Each structure stands twice: as structure tokens, then as C-alpha cells.
Amino acid sequence: MDQDIRFRFGLTPLAEVRPWGRRERPVLHWFGLTDGWYAIDLGEHELLRYSERTVRRLRGDGGGPAHPYADYYVVRLWEDLLALLPAALEPVPEDLADFVACDSSDWCWEDTPEADSAAQWHGDRSLYTGYLRIAPDIRCWRTVAGEHGAMDDVMDDVMNVSWAHPSDPEGEIEFAGPATGRVTVPTSAFVAAVTELDRALLEAMERRIGELAAAGPPPGVELDLEQLRREHRDRAGWLERARQYAYATDWAAVRTGAAALLRSPGEDCG
């Protein structure tokens, strides 16, 4: 059953945003001003939400977050979703369904151009989260069933979203919910959710820039307001550029590489 998806976030109050740079020359810029938290609502699941035990531990020293979600610069989620979007929107052929859904830790690795192409193709459907401690593996790929054209055709056009939470060797960081899972959402709903995140973040940053223009930066903090506005205008076009980007796959290379990578460990890996 297809479910809904939403990318949800909150920005740190402007007065609490920490400037970047050296102590003698602190700076506020667009990236740093997106300091905050975010989560992914996926059907009945909340991805990037920490377990209650982890939240208690993070709050134990009195300096932990007031929320249970991933705490970082919201722009990273936005940038990495836009980087993922062109590959995620490319429909995956049925004969590569098992490969795109598999865990790369099970592959029979070999050093060939085809295997490299297949590995890159597989990796391009992963949402980068490596900046988080004990980063979850979140992957998105599109499948389309049915044919266009006939009046009675039923199209099944969905985005598959899977996740896997690695265990923390130190036992400190754990996420809420199942350790692994996979949910399908209509592709149109996925695109709408990315579009809504884009709109909401840009509007929030527009307000933040307006506040800084009216009040000025904190004492001793450097702020180039014109550069901030230029960057904001440029970022306002990133979503459209991502949607227009044509992700082109060398299907022959990917199929050959996938067949090699999926060989069982008992076979000769070359």
C-alpha cells in the first residue's frame, strides 16, 4: 500500500545560531544560518528520529537538543535530496529490481569498469547522511509498472524508500523505529514533498535574511548581506535545475556489472 512522505524541519532561533570561523573573526552565512533539526515522515515511520534512550543520554549533560531529531544544518538535507533527485526519478527496469534494492555489503566485489558503473548507479540512489554520527542508510528508487496510452491502463508509478540503521559499537546512538524497512510512496507525492521542503526552507531563510537586514548581525560578527541575498537567489533555482537534469544510464554496463556484483560469495570473484 502506497503511503505519504514529508520532509519536516525547524530552524534554531536566530539569536542562538553560532557563527562560523575563528574566534577573532566570526561569520554568519547562508549555510550556517540553516542550523536546526529535521526528520522524514514516511507513512507510519519517522526517519532520523532518535530513540528515547538516546535523547535522554544527549540531554544528560543539560546541553542536548530539545527535540528527538537529527540535529544539523537543514541545508544538508535539502542539498542532498536535490543531488539525489535526478537518479531517483529515473525508472528502474524490472530486471534490475533486485540489484537496486540489495545491500552492497553482500556484493562480490571486482575491479572492472562495468562493476564500477553498477556500483555508482546503485550509490546514486542513496541519500547522503555521512555527516551524522552512526549515519542511517536511506535509499530511493523509482519503479513504474504498466504501459502508457490505453484508456484502461493502470500505472503503478512509485518511489521506493528503504532505510537501515547500523548499530553503534559504543551503544550510544540509536534511532527509533525498525532497524530496517521499506515503504513505497507515489512518485508524485515524493516530488511534491521535495518541492514543499524547497519552498518552506527558502521562505524561512527569506524571513531570516529580512530579520538580519532589519536588526543587523550580533556585535562583532561579520555578515555580507548582499552576498547572502545573492546566494539565496541562486539557491532558489536549484530545484528546477535538479528536475531538468537528465540522468543517463549505460544500461549494458550496469547490467553486466550488477550480474558480477551479485554473484554468490562461493563463486569466483575474479
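Reader: What classes of residue make up the lining of the largest cavity?
Author: By class, that lining has nine nonpolar, no polar and no charged residues. Here Ala, Val, Leu, Ile, Met, Phe, Trp, Tyr, Cys and Pro count as nonpolar, Asp, Glu, Lys and Arg as charged, and the others, Gly among them, as polar. Before we go on: this is a predicted model, where local features need pLDDT of at least 70, side-chain atom pairs count only at pLDDT 80 or more, and totals for chains, interfaces and linings use all residues. Residues are numbered from 1 along each chain as its sequence is written, and side-chain values use heavy atoms, with hydrogens and water left out.

Reader: How much space lies in the largest cavity, and which residues line it?
Author: On a 1 Å grid over the protein atoms alone, a cavity is a set of points where a 1.4 Å probe fits but cannot get out, and lining residues have an atom within 4 Å of a point. The largest cavity holds about 30 Å³. Its lining includes Ile-5, Phe-7, Ile-138 and Cys-140. Strand E1 (5–11) and strand E6 (137–145) each supply at least two lining residues.

Reader: What about the second largest pocket?
Author: A pocket is an open set with protein on both sides within 12 Å along at least five of seven lines. The second largest pocket has about 280 Å³ of space. Of its 18 lining residues, Ala-101, Cys-102, Asp-103, Asp-137 and Arg-139 are the closest to its centre. The lining has seven nonpolar, seven polar and four charged residues.

Reader: Is Ser-162 buried or exposed?
Author: Buried means under 20% relative accessible area, exposed over 50%, partly exposed in between (1.4 Å probe, protein chains only). Ser-162 counts as buried, at 13%. Its place is in strand E7 (residues 156–164).

Reader: And how do I read an aromatic pair?
Author: A pair of aromatic rings is described by the distance of the centres and the angle of the planes. Rings of Phe, Tyr and Trp (its six-membered ring) pair if their centres lie within 6.5 Å; planes under 30 degrees apart count as stacked, over 60 as edge-to-face and the rest as tilted. The structure holds 15 such pairs. In one of them, Trp-121 and Trp-251 sit edge-to-face, 6.0 Å centre to centre with 70° between the planes.

Reader: Why does that pair tie together parts that are 130 residues apart in sequence?
Author: Because Trp-121 lies in helix H4 (residues 113–123) and Trp-251 in helix H8 (residues 251–261). Helices (H or I, at least four residues) and strands (E, at least two) are DSSP runs, numbered from the N terminus. Trp-121 is buried at 2%, whereas Trp-251 is partly exposed at 25%.

How values were computed: Grid points are joined across faces, edges and corners, and a volume is the space filled by probe spheres set on the points.
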